[in-house]
Amino acid sequence: MDNDPTHTSKVVAKWLKDNKVKVVEWPSQSSDLNPIENLWAERKKHVRARRPTNLTQLHQLCQEEWAKIQYSKYYSDVSHP
């Protein structure tokens, strides 16, 4: 549960409490906890900066920007077992 009221079901919250399920509390709407959100935001910024003028160019720029991703930058944001 991410503490966003729109994602909280009272029935589920009650069941979790009744069954003594430990729930990790997360700050609501925190993109920092979701590395893919950070990756998409950065790609979007880079593509917009290049100002594509048609769909073909947009597609090409998206592919180029995707190829530039430094996975190690995002890989470290994700915990691994």
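The structure described here is a predicted model. Arg50 forms a salt bridge with Glu65, and the closest N and O atoms of the two are 3.0 Å apart. This pair links distant parts of the chain: Arg50 is in the loop between α2 and α3, whereas Glu65 is in helix α3, 15 residues apart. Glu65 has a relative accessible area of 3% and is therefore buried.

## Overall architecture

The protein contains four helices and zero strands. From the N terminus on, its elements run α-α-α-α. Of the 81 residues in the protein, 14% are buried.

The axes of α2 (residues 35-49) and α3 (residues 55-67) come within 10 Å and cross at roughly 130 degrees. The crossing in which α2 passes α3 is right-handed.

Residues of these elements also supply an example of separation along the chain and in space. Gln60, whose place is in helix α3, is 13 residues from Val47 in sequence, and the C-alpha atoms of Gln60 and Val47 are 9.8 Å apart. Gln60 has a relative accessible area of 39%, so it is partly exposed.

## Salt bridges

Side chains of opposite charge can pair when their charged atoms come close. In this model the count comes to six salt bridges. Glu42, Arg43, Arg50, Glu64, Glu65 and Lys68 are linked in a network of salt bridges. One of the pairs in question is Glu42 with Arg43, where the closest N and O atoms are 3.2 Å apart. Arg43 is buried, because its relative accessible area is 8% and the limit for that class is under 20%.

Another salt bridge joins Asp18 to Lys14, with the closest N and O atoms 2.6 Å apart. Asp18 and Lys14 are four residues apart in helix α1 (residues 10-18), so about one helical turn separates them. Asp18 has a relative accessibility of 44% and therefore counts as partly exposed.

## A nonpolar surface patch

Which residues make the nonpolar surface patch of about 450 Å²? The patch is made by Ile36, Trp40, Trp66 and Tyr71. Ile36 is found in helix α2. With 40% relative accessibility, Ile36 counts as partly exposed, because this value lies between the limits of 20% and 50%.

## Positive phi angles in the loops

Most residues other than glycine have a negative phi. Lys20 is not a glycine, although its phi is positive, at about 55 degrees. Lys20 lies in the loop between α1 and α2. Its relative accessible area is 73%, so Lys20 is exposed.

Arg51, also a residue other than glycine, has a positive phi near 50 degrees. The place of Arg51 is in the loop between α2 and α3, the loop that also holds Arg50. Arg51 has 67% relative accessibility and therefore counts as exposed.

Key: Residues numbered from 1 in each chain as written. Predicted model: local features only at pLDDT ≥ 70, side-chain atom pairs only at ≥ 80, totals over all residues. Heavy atoms only, no water. Patch = residues over 30% accessible without salt bridge, like charges linked within 9 Å, V, L, I, M, F, W, Y side chains within 5 Å. Areas by Shrake-Rupley, 256 points an atom, 1.4 Å probe, with all protein chains shown as cover. Salt bridge = Lys/Arg side-chain N within 4 Å of Asp/Glu carboxyl O. Helix = DSSP H or I, 4+ residues; strand = E, 2+ residues; numbered from the N terminus. Buried < 20%, exposed > 50% of the residue type's maximum accessible area, 1.4 Å probe, protein only. Axes fitted to C-alpha atoms, helices over the stretch in contact; angles between N-to-C directions. Left-handed = near helix turned anticlockwise from the far one by under 90°.
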